[in-house]
Amino acid sequence: MKSIEIFFVGRANAGKSTLIKELFGCKARAGRRPGITKMPIRYQLEGLAVTDFPGLGFRRDLKGFESLVGETIEYKVKDLDHQIVGVHVIDAVSFLNVLQRHSVPLDIDIFEYLLDLDIDPIVAVNKVDKLKRLEESMNAIVSRLGMLPPYKQWTDRVVPVSAKKGSVAALRRLIKQRVQGIVNASIGP
Ligand code: GDP
């Protein structure tokens, strides 16, 4: 059976390590300044690997073999003994702030980069505890990612979470579904 790896990508400060800690109980990265750590961090859990890719801060980080994160992601995608469940963590507040400035959030590039690699990521829209209008904000985010609103059409792919408040049940369900799908495909009918 192929090994399964769940990996978390997103901008610095999106909440990846908080989310990983909430979902899996792994110890969060400590003593670092945001955006400085570029090394992927791998947690080995029972039968599962979980990787935190901390380094996507700039568009140039998405240039595959020119960057450590891009190189590692692309290497893993090409490894045929490996199956990946990708989780793209978005800071909802920062995404909406960038939109408000009529600029393009880097998350759009990250999402498209993952799709180009044939990774259909789960999109975890984090920090929703800070949103005043959840529905409207989620719809704006999915529509900028190229999905037709309402966002609730995309529950197999997009999920609002608050890592800090421990609201991660829907994301946990989605990850389990994806992992189960890989296991089922390996075992056959
Ligand atoms: P990473 O760089 O993506 O690993 O982000 P961290 O997990 O280190 O989180 C960055 C900051 O965002 C920290 O100050 C966290 O406490 C905060 N944070 C993470 N998740 C949430 C959330 O759901 N809501 C709020 N309000 N803050 C969050």
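**View A. Aromatic pairs in the predicted model.** Searching the whole structure turns up two aromatic pairs, where rings of Phe, Tyr and Trp (its six-membered ring) pair if their centres lie within 6.5 Å. This is a predicted model, so local features need pLDDT of at least 70 and side-chain atom pairs count only at pLDDT 80 or more, while totals for chains, interfaces and linings use all residues. Numbering starts from 1 along each chain as its sequence is written, and side-chain values use heavy atoms, with hydrogens and water left out.

**View B. Phe 7 against Phe 53.** These two rings sit edge-to-face, 5.1 Å centre to centre with 85 degrees between the planes (planes under 30 degrees apart are stacked, over 60 edge-to-face, the rest tilted). The pair links distant parts of the chain, 46 residues apart: Phe 7 belongs to strand β1 (residues 3-10), and Phe 53 to the loop between β3 (48-52) and α2 (68-78). Helices (H or I, at least four residues) and strands (E, at least two) are DSSP runs, numbered from the N terminus. Phe 7 is buried at 1% relative accessible area, and Phe 53 is buried at 0% (buried is under 20%, exposed over 50%, partly exposed in between, with a 1.4 Å probe and protein chains only).

**View C. Phe 8 against Phe 24.** This aromatic pair is edge-to-face too, at 6.2 Å centre to centre and 85 degrees between the planes. Phe 8 is in strand β1 and Phe 24 in helix α1, so the pair ties together parts 16 residues apart in sequence. Phe 8 is buried, at 0% relative accessible area, whereas Phe 24 counts as partly exposed at 23%.

**View D. Helix α1 crossing helix α6.** Helix α1 (residues 16-24) packs on helix α6 (residues 169-187) at about 75 degrees, axes 11 Å apart. That makes the two roughly perpendicular (65 to 115 degrees; under 35 is roughly parallel, over 145 roughly antiparallel, the rest oblique). Axes are lines fitted to C-alpha atoms, for helices over the stretch in contact, and angles run from 0 to 180 degrees between N-to-C directions. Leu 19, Glu 22 and Leu 23 of α1 meet Leu 171, Arg 172 and Ile 175 of α6, contact being heavy atoms within 4.5 Å.

**View E. The buried residues of helix α4.** In α4 (residues 106-116), the buried residues include Leu 106, Ile 110, Phe 111 and Leu 114, along with Asp 107. The buried residues of α4 pack against β1, α2, β4 (82-91), α3 (92-100), β5 (122-126) and α5 (134-144). Just after α4, Asp 118 has a positive phi of about 65 degrees.
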